[in-house]
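Trainee: Before we turn to individual features, could you show me how to read a structure of this kind, term by term?

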Amino acid sequence: MLSRWMDRMYFRAMERVQKVLREEEGDTNFISILIILGVVILLAGVFMGFKDRIVGMVQDIIDEFVSNGIH
């Protein structure tokens with residue numbers, strides 16, 4: 001009797017697991033948003049950490065374009 005009950009519980013649990021694995025209602029969009037958000041936060045952190053170097057490099061490039069354009 002206990003064995004039958006345990007078998008039924010096992011099969012119900014496996015059925016629920018299979019159902020969750022088959023259904024992907026909106027899960028992929030949520031994961032994509034999290035990945036994109038992580039990349040944006042990472043890039044913002046890198047920019048904030050190296051802000052002075054990045055701005056200096058861009059300023060040097062702009063100055064070079066301006067000086068080459070004037071001569």
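Mentor: Let us begin with accessibility, where buried means under 20% relative accessible area, exposed means over 50%, and partly exposed lies in between, with a 1.4 Å probe and protein chains only. By that rule F11 is exposed, with a relative accessible area of 55%, whereas Y10 is partly exposed at 49%. This is a predicted model, in which local features need pLDDT of at least 70 and side-chain atom pairs count only at pLDDT 80 or more, while totals for chains, interfaces and linings use all residues. Residues are numbered from 1 along each chain as its sequence is written, and side-chain values use heavy atoms, with hydrogens and water left out.

Trainee: What share of the 71 residues of the protein chain counts as buried?

Mentor: The share is 0%. The accessible surface of the protein chain, computed by the Shrake-Rupley method with a 1.4 Å probe, comes to about 7,100 Å², and 67% of it belongs to carbon and sulfur atoms.

Trainee: How is a pair of aromatic rings described?

Mentor: Such a pair is described by the distance of the centres and the angle of the planes. Rings of Phe, Tyr and Trp (its six-membered ring) pair if their centres lie within 6.5 Å, and planes under 30 degrees apart count as stacked, over 60 as edge-to-face and the rest as tilted. A search of the whole structure finds one aromatic pair. The ring centres of Y10 and F11 are 5.5 Å apart and the planes stand at 65°, so this pair is edge-to-face.

Trainee: How many helices and strands are there in the protein chain?

Mentor: Helices (H or I, at least four residues) and strands (E, at least two) are DSSP runs, numbered from the N terminus. The protein chain has three helices and zero strands, and M57, for instance, has its place in helix α3 (residues 51–70). M57 is exposed, with a relative accessible area of 53%, and its C-alpha atom is separated by 56 Å from that of R16, 41 residues apart along the chain. M1 lies in the segment before α1 (2–22) and counts as exposed at 87% relative accessibility.

Trainee: What does the C-alpha trace of the protein chain span along its principal axes?

Mentor: The trace spans about 95 × 20 × 10 Å.
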